[in-house]
Amino acid sequence: MSELSTLSPQLLWDIFAQICSIPHPSYHEEALASHIIEWAKSKNFHVERDEVGNILIRKPASKGMENRKTVVLQAHLDMVPQKNNDTQHDFTQDPIRPYIDGEWVTADGTTLGADNGIGMASALAVLADESIKHGPLEVLLTMTEEAGMDGAFGLKSGWLQADILINTDSEEEGEIYMGCAGGIDFVTTLQLSRETLPDNYKTLQLTIKGLKGGHSGGDIHLGLGNANKLLARFLAAHVDELELKLIHLQGGTLRNAIPREGSTVIAVPADKVEKLYQLKDNYLETLKNEYAVVENNLTLLLDETEASSQALTADCQTLFVSMLNSMPNGVIRMSDVAKGVVETSLNVGVVIMDEEKVEVICLIRSLIESGKVYVVEILNSLATLSGAETVASGSYPGWQPDANSPIMHLVRETYHQLFDKTPNIMVIHAGLECGLFKKPYPDMDMVSIGPTIRGAHSPDEKVHIKSVGQYWQLLTAILKAIPAKE
């Protein structure tokens, strides 16, 4: 019995605890999918899967509500696998360890998976709870949303019967989302050339850690430190005075998570080692001053490491360091239409280097298609100057806001009746699957709601307990209030 069973609504939290116990990072959702299918069959619900693995469960209407519009509750099956460096955890084998921390539920050293596990648990709880009044109901659980929206891309027309879709992937209680950004993945690849290190060079590893990281959409406006960019900044500033030779650089793990940690292996002449330590300390003080408000745990570590015989050639090193240091990152433009919302951004999410090449993996987001195109053009231009190759892929559309959406108005009215306050109607600078659903289901009325989640896509992820109860109240009240078919 999990300690989450002490929380309310108990059924939702019990299901969420079960979800946490079954590993389900992106591309490893099958065990959880099989569990849910068997669970649905045990309750005699209609359940089926499509070609890409999405799960669809149907439940008949409550007695007397058969004439209501059909609603589909939607969540994604996968979670983002992020852990602290000192945490021993295999996301494909080990369960998430949730625990109560004051007003929040969080996990021990890893992402919690409240994104989108709480939404998934709420949809399954609605199926399981016979006391909830609702019309004809569907639950759609999509595959591999976090790593490329595979399930949403593969969703075919004619499978869903619903008139209304309620997406459960939002992360702020009191806000109703009616639009979201689109995105595109972008990879820059630079071929490397190496040469033998000069004699009397010392090899050291510079590591940056303790950054908060977070969601590359929802948190991109917070000005958080990006480990990849901060390493490049140090190298660019001091490569000449230290006669520095770059051997290796890596940082970040996911394109949609702001990189929290990174490291670079460098070599300097023996008589420059003391200077390197001094410059490292100076840089740390600079960063602590610049990021005093938003990054209170960042640190730089410099340690001697195993000696290397090869480093990048001078020309190759100049191209790579200059490219990474000048690569834009973060907010590119704020929206003129949705005040206070980021219009266009990118996250320099992952740097992977081997002996022959280095890849810089970014995720570009924008509320408008031309914003994505603009950033792609910037990165292509930078690659041209650097002699690098680029690939843009996995483009997905934004979700165009509809101010006349009936379900949005119903959710707003229901929220006001329940809590005596008006919710904010929002457009989110993150990728929700609704934009992709609009292609096979252009006439479906959609809205997105959820509880308050902080630190999604980072080991600091936590979900606010009270907000889960409020979200559940809202969700069940909406289902009861869904109007009759016209």
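## Cysteines

Let's start with Cys316, which is buried (under 20% relative accessible area, with exposed over 50% and partly exposed in between, using a 1.4 Å probe and protein chains only) at a relative accessible area of 6%. The closest cysteine sulfur to that of Cys316 belongs to Cys362 and lies 18 Å away, too far for a bond.

The structure holds zero disulfides, a disulfide being a pair of cysteine sulfur atoms within 2.5 Å. Cys180 is in no disulfide either, its nearest cysteine sulfur being that of Cys434 at 6.3 Å. Cys180 is buried, with a relative accessible area of 1%.

## About the model

This is a predicted model, in which local features need pLDDT of at least 70 and side-chain atom pairs count only at pLDDT 80 or more, while totals for chains, interfaces and linings use all residues. Residues are numbered from 1 along each chain as its sequence is written, and side-chain values use heavy atoms, leaving out hydrogens and water.

## Pro401

Where does Pro401 sit? Look in the loop between strand S21 (389-396) and helix H9 (406-419); helices (H or I, at least four residues) and strands (E, at least two) are DSSP runs, numbered from the N terminus. Pro401 is partly exposed, at 37% relative accessibility.

Beyond its neighbours within four places in sequence, Pro401 is in contact (heavy atoms within 4.5 Å) with Met178, Gly179 and Val427. Pro401 and Gly435 are 34 residues apart in sequence, and their C-alpha atoms are 9.8 Å apart in space.
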